[in-house]
Amino acid sequence: MQSYKILHISEDSLKQVKILSKTLGISLVLAQLLVNRGINSAEEAVKFLNPKLSDLHDPFVFSDMQKAVSLIRLTASKKKKILIFGDYDVDGITSLALLHDALARQGIEAEHLLPHRLKEGYGLAKNILTIAKERKIGLLITVDCGINSFSQISALRENGIEVIVTDHHEPQGKDLPQASAIINPKVQDSGYPFRELAGVGVAYKVSQALCAKSSGCDLDLAALGTVADVVPLNGENRVIVKEGLKTMSGTKRHGLKALIEESGLTGKDITCKHLGFILGPRLNASGRMDTPDHSLNLLLSCHHEEAKELAKTVNAYNRQRQKVESLIMEEAEAIVSREINFNRHKVIVISKKDWHHGVMGIVAAKLADKFCRPTILISETEGLCRGSARSIKNFHLFEALFACKDLLDNFGGHSHAAGLVLEKDNIKDFRNRINVIAGEKLLLEDLLPSVDVDMELGLNQVNFKLAEEIESLEPFGSGNPKPLFVTKNLVLRGQIRSMARETLKFWLSDGKQTACVLGFGMSRLKDALESASKIDIVYTPRKDEWAGESSLILEAKEIIAR
């Protein structure tokens, strides 16, 4: 059986690689890995390999930061109320919790509000002026939203309510809302040199400015929101996550402690994988299925017993989410098989009545990955219909939606994830328009399954030193994927062992050296491996500790048996 994925092997950059290797005293392989990640100078490499809090930019580089901090302090000194308005996902929830706690450390009390995903949707609430008046708010601060909330912000300002927007989403065009201050690295005149902060990263910069120090106590929340929002883990994001992971296991937050315990991670070194696939989905689940307030209250909890109960609640919502997601995935795949012509449709746009809004994004992401096409799921209703979109490499979703804006009532997001609202009668025209756009942007090879490989290596180059060098590149995630290598023309040695969770353990040899391979979820390949004359393998080498002894394991990503 073949792996039908195309292998994209990065080009050798021998001249630059040799310079980095010699200057830093590192191997040619590690130097090539750095170059593959866009690191071309020794100075950049040193910062990447040894990220420190001192590498972070001064928060006051943001052109409006001094204005924002002064306004917060002035509002507090006048005993006026402050309201923080966030978003219902992990990035928004951690942003709100982080800024709330940062203000509290300054002796500033703040109220908070999160929108209901199903009832209100993303962004600053339509009735925010009424809410602000009822609560007698003097200053509203948005986190992870607000950059495109023009009418709401204008109404607030006209009624004497100051507004600070902290956001990281793309502005819809050149115009900006008439806020008192805007802190967003994607705004053209923000003054900030790093564009890719998550919403929680922007909130962290505000915390730094308020506290006039590194705000190390905020790094656990900053790391969690950054990883969960799948922003590139380079630049400042790499510093935030690497330092945040160090604090995660020993966090002082009752809520995070309880969530870690409820997730079965107590005593473990928390990794990006834990944040992205275990803790993050649980925090997201309450907002997907009901209200995000359960998750926010968990992060803000000051009492161990209360936190334990809230952790159980969000875990129960996560189990409910998994069931609903499974059902919608089954329905969506059936619609794709009936309605999508892959020769004609480069973007999958499908709809069904009353799909649960809370899980459409997850299903869209899984379908995009399975079919290698940008995917948009739309829940049909009598009024406005809501959709969730996920993309593939080389297709910028936000730009595509912007080109369809006359067919949409609202939209927002990033290059690879977005949400939209439109009338039911516009779904067909929208499907046609975005496919025309995709037809101009995407090549055939963009729509074929592929895997990006860093280098081709001989088995003699794979050793403990390489595994240790790979560890120096952690944390891995978007923008800094786990290194992948390919080694070709190997043969099977000995018997294949079938293990739990459809895992295979076997040994491959080049005739001189033999290496142990683990293939998670690859039991389907057992017969093909046993009958193959030659085997190519795409993998990451890692050290495995067992019973006090270390061994080298090749963790398989793809196997080509021929």
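This is a predicted model: local features need pLDDT of at least 70, side-chain atom pairs count only at pLDDT 80 or more; totals for chains, interfaces and linings use all residues.

User: Which value does phi take in Asn 489?

Analyst: Phi of Asn 489 is near 60°, again a positive value in a residue other than glycine. Asn 489 belongs to strand S14, and at 43% relative accessibility it counts as partly exposed.

User: What is the form of the peptide bond from Glu 474 to Pro 475?

Analyst: That bond is cis, with omega near 5°. Pro 475 sits in the loop between H18 and S14.

User: How should I read the buried residues of a helix?

Analyst: The general idea rests on the helical repeat. An α-helix has 3.6 residues a turn, so residues three or four places apart point the same way. In helix H18 (residues 464–471), the buried residues are Leu 466, Ala 467, Glu 469 and Ile 470. They cover an arc of only 160° around the axis, which puts them on the same side of H18.

User: Let us turn to charged residues. How many salt bridges does the structure hold?

Analyst: Side chains of opposite charge can pair when their charged atoms come close. The structure holds 25 salt bridges. In one of them, Arg 135 pairs with Glu 111, the closest N and O atoms being 3.3 Å apart. Arg 135 lies in the loop between helix H6 (128–134) and strand S4 (137–143), and Glu 111 in strand S3 (residues 111–113), so the pair ties together parts that are 24 residues apart in sequence. Arg 135 is partly exposed, at a relative accessible area of 26%, and Glu 111 is partly exposed at 25%.

User: Is Glu 170, which forms a salt bridge with Arg 195, buried or exposed?

Analyst: Glu 170 counts as buried, because its relative accessibility is 17% and buried means under 20%. Arg 195, at 37%, counts as partly exposed. The closest N and O atoms of this salt bridge are 3.1 Å apart. The pair links distant parts of the chain, 25 residues apart: Glu 170 is in the loop between strand S5 (162–166) and strand S6 (181–183), and Arg 195 is in the loop between S6 and helix H8 (199–211).

User: With which residue does Arg 433 form a salt bridge?

Analyst: The partner of Arg 433 is Asp 406, and their closest N and O atoms are 2.9 Å apart. Arg 433 lies in helix H17 and Asp 406 in the loop between helix H16 (397–402) and strand S10 (410–413), so the pair ties together parts that are 27 residues apart in sequence. Arg 433 is partly exposed, with a relative accessible area of 28%, whereas Asp 406 is exposed, with 54%. Salt bridges may also share partners, and in this way Asp 101, Arg 105, Asp 218, Asp 220 and Arg 253 are joined into one network.

User: What surrounds His 169?

Analyst: His 169 has its place in the loop between S5 and S6 and is buried, with a relative accessible area of 9%. Its side chain makes polar contacts with the side chain of Tyr 122 (3.1 Å) and with that of Asp 167 (2.7 Å). Leaving aside residues up to four places away in sequence, His 169 touches several others, including Asp 144, Ile 147, Asn 184 and His 414.

User: Which residues form a nonpolar patch on the surface?

Analyst: Ile 6, Leu 444 and Leu 448 form that patch, with about 260 Å² of accessible area together. Leu 448 is found in the loop between helix H17 (427–441) and strand S12 (450–453), and it is partly exposed, with a relative accessible area of 35%.

Methods:
Residues are numbered from 1 along each chain as its sequence is written. Side-chain values use heavy atoms; hydrogens and water are left out. Patches are made of residues with over 30% relative accessible area and no salt bridge: like charges are joined within 9 Å, nonpolar side chains (Val, Leu, Ile, Met, Phe, Trp, Tyr) within 5 Å. Accessible areas come from the Shrake-Rupley method with a 1.4 Å probe; for residues, only the protein chains shown count as cover. A salt bridge is a side-chain nitrogen of Lys or Arg within 4 Å of a carboxyl oxygen of Asp or Glu. Helices (H or I, at least four residues) and strands (E, at least two) are DSSP runs, numbered from the N terminus. Buried means under 20% relative accessible area, exposed over 50%, partly exposed in between (1.4 Å probe, protein chains only). The arc is that of the directions from the helix axis to the C-beta atoms. A polar contact is a pair of N or O atoms within 3.5 Å; within protein, one must be able to donate a hydrogen and the other to accept it, and residues adjacent in sequence count only if both atoms are side-chain atoms. Contact means heavy atoms within 4.5 Å.
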